[in-house]
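Here is a short report on selected features of one model. Keep the sequence and the 3D view open while reading.

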Amino acid sequence: MTATRKGFHAGTHRLLPPEATVARVRGLLPIMGITRVANVTGLDTIGIPVVMVIRPNARSLSVSQGKGSELASARASGLMEAIELYHAEHLTHPLKLATFNELRFTHRMVDVTALPALSVSQFHGHFRTLWIEGRSLFDAGSTWVPYELVHMDYTLPLPSGSGSFLMSSSGLASGNHPLEAVNHALCELIERDATTLFRLSGEQARRRLRVDPASVDDPGCRALLEQYARARVEVGVWEITSDVGVAAFSCTIVDSDPEPQRPIGPMGGMGCHPCRSVALSRALTEAAQSRLTVITGARDDVRHMGPQGSEEELEAARRMRDLLVAEPATHRFQDAPDFQGGTLEEDHSFLLGRLRAVGLGEAVGVDLTQPHFGIPVVRVIVPGLEPLNDIPGYVPGARARRRLAETAP
C-alpha cells in the first residue's frame with residue numbers, strides 16, 4: 001500500500017495546502033447551512049489570523065472558529081470545524097437501544113468503565129441507552145460505543161438514555177484523508193488529557209515546565225511570539241506533555257498594560273502533535289483565537305469559569321500579567337519530545353504506539369463521513385484518557401486520581 005505523504009508543513013501537517021482544502025469544500029457550504037465566513041483578525045491588536053464560521057441553524061454551536069499562522073490556514077481550520085460539527089449533528093447510522101448487559105455477550109463493547117463519566121450519571125449494566133458501531137484503531141474490529149459520545153445534536157429532548165457520559169466535541173475531527181482526520185482526533189484527545197493532568201499537578205511542578213521563549217528555535221513559532229511582542233501582549237508557555245509522550249503545550253496571554261476601557265482577562269490555548277513545533281504553533285494560535293472569541297461575543301460559555309464583568313476582568317488581567325513577568329521560564333523547548341513523520345501512516349503508528357506504551361490499548365473510531373459529500377469525518381474515543389476537567393459534570397478518571405494522589409500533601 002502506498003504511503004500518504006504530507007504535502008503541507010507550515011504550522012500544521014496536512015495532505016493538502018489550506019487553499020486546496022477551502023476550494024474543495026466551498027460548494028458544500030450552503031448545503032451545510034454555513035452562511036458566512038468572517039475574517040475577524042482586525043478586531044484585536046495581535047494580528048494572528050482568526051475567522052468565524054456561522055451556521056445559524058446549527059444543532060450545537062452556531063459559530064465555529066478557525067486559526068492559523070496565515071489567513072488561508074485559519075479559514076480552512078474554521079470551515080473544517082463547522083463541517084465536522086454538521087456531520088456529527090446529522091447522523092444516519094444504525095443505532096441499537098439496549099442495555100450493556102443485553103449486548104455484551106453478542107457484541108464487542110467498549111470498556112464503559114474507562115469512559116468519561118458524568119457526575120449525575122444514571123448508567124449501569126441494566127440501563128437502556130443508544131449504541132453505535134465503531135471500529136478499533138488497533139485491529140479494525142467492530143466495537144460498539146455509547147451514541148451520546150459520538151453525536152452533537154443537542155436539540156431537546158436529547159435521545160433516549162442520554163445523561164450517562166460527558167458529552168463534548170473532543171475527538172471529533174475532519175481532514176483531507178481519513179487518516180488525517182483520525183490523527184487530528186487522537187492528538188486532540190491526548191491534548192485534553194495532558195491539560196487536565198497538568199492542571200492537577202502541584203504548583204512547583206507546573207512552574208518548572210514554563211518554557212523559555214528564547215529556546216524556541218522554530219521559525220514559525222518565533223514569528224508568532226514576535227507578533228505577540230509587537231502587540232504588547234505577555235505570553236506564558238508551558239510544556240504539558242503527559243506520560244503518553246506526544247508533545248503538548250499550554251499558552252496563556254494577557255495585555256502587558258491592561259486597559260480599563262478595554263479589559264480582556266487572561267486567555268489560553270492548547271496544542272498537541274507528534275511534531276513539537278506544530279504543537280506549540282497550535283497553542284499560540286489558539287490563544288489568539290480564544291481572545292477573539294470573547295471580543296466578538298461568539299460564545300458566552302467561554303467565560304463561565306472565568307472573571308465576570310469589567311472590574312473582575314481587569315483585575316484578573318493585572319494579576320496574570322504580574323505572574324507572567326515574575327515567574328521564571330527555564331524549561332527548554334527542545335526538551336519536549338519530537339517525532340517528524342513524513343507520512344500520515346507514520347504519525348498514526350506513532351500515536352497508537354504511545355497510547356499502548358502507557359497501557360491504553362483501546363481506541364475506537366466511528367466513521368461519520370457522508371459519501372455524497374466525500375469529506376472524511378471521524379469521532380475517536382480512547383477509554384482511559386481524561387477529558388477537560390472544567391467541563392460541567394466532570395468526574396476524575398483513573399489517570400486524574402493517580403495525579404491527585406501524587407500531588408496530595
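## Ground rules

A residue counts as buried when its relative accessible area is under 20%, and as exposed when it is over 50%. Values in between count as partly exposed. The model is a predicted one.

## Helix H8: one face in, one face out

Helix H8 covers residues 310-326, 17 residues in total. Its first and last C-alpha atoms are 24 Å apart, close to the 24 Å expected at 1.5 Å a residue. Six names make up the buried list: Glu-313, Leu-314, Ala-316, Ala-317, Arg-321 and Leu-324. Viewed down the axis of H8, these buried residues fall within an arc of 165°, so they line one face of the helix. Glu-311, Arg-319 and Ala-326 are exposed on the other side of H8.

What do the buried residues of H8 pack against? Their partners are strand E8 (233-239) and strand E9 (248-255).

E8 has 7 residues, and 6 of them are buried, so the strand is largely enclosed by the rest of the structure. E8 and E9 run antiparallel, joined by 7 bridges.

## Helix H1

H1 spans residues 18-25. Its buried residues are Pro-18, Thr-21, Val-22 and Val-25. Down the axis of H1 they fall within an arc of 95°, so they too line one face of their helix. Helix H2 (71-89) is included in what covers them.

## Aromatic contacts

The whole structure holds 6 aromatic pairs. One of them joins Phe-100 and Trp-131. This pair is tilted, with 6.2 Å between ring centres and 45° between the planes. Phe-100 belongs to helix H3 (residues 100-103) and Trp-131 to strand E5 (residues 129-136), so the pair ties together parts that are 31 residues apart in sequence.

A charged side chain meets a ring elsewhere. Arg-276 lies over the face of Phe-333, 5.5 Å from the ring centre.

## Backbone exceptions

Most residues other than glycine have a negative phi, and most peptide bonds are trans.

Pro-157 sits in the loop between strand E6 (142-146) and strand E7 (172-174).

Next comes Ala-140, a residue other than glycine with a positive phi, near 65°. Ala-140 lies in the loop between E5 and E6. Its relative accessible area is 46%, so Ala-140 is partly exposed.

Then there is Arg-232, also not a glycine, with a positive phi of about 60°. Arg-232 is found in the loop between helix H6 (219-230) and E8. At 52% relative accessibility, Arg-232 counts as exposed.

How values were computed: Residues are numbered from 1 along each chain as its sequence is written. This is a predicted model: local features need pLDDT of at least 70, side-chain atom pairs count only at pLDDT 80 or more; totals for chains, interfaces and linings use all residues. Side-chain values use heavy atoms; hydrogens and water are left out. Helices (H or I, at least four residues) and strands (E, at least two) are DSSP runs, numbered from the N terminus. The expected span of a helix is 1.5 Å times one less than its number of residues. Buried means under 20% relative accessible area, exposed over 50%, partly exposed in between (1.4 Å probe, protein chains only). The arc is that of the directions from the helix axis to the C-beta atoms. Contact means heavy atoms within 4.5 Å. Two strands pair if DSSP finds at least two bridges between them. Rings of Phe, Tyr and Trp (its six-membered ring) pair if their centres lie within 6.5 Å; planes under 30 degrees apart count as stacked, over 60 as edge-to-face and the rest as tilted. A charge sits over a ring if NZ of Lys or CZ of Arg is within 6 Å of the ring centre and within 35 degrees of the ring normal.
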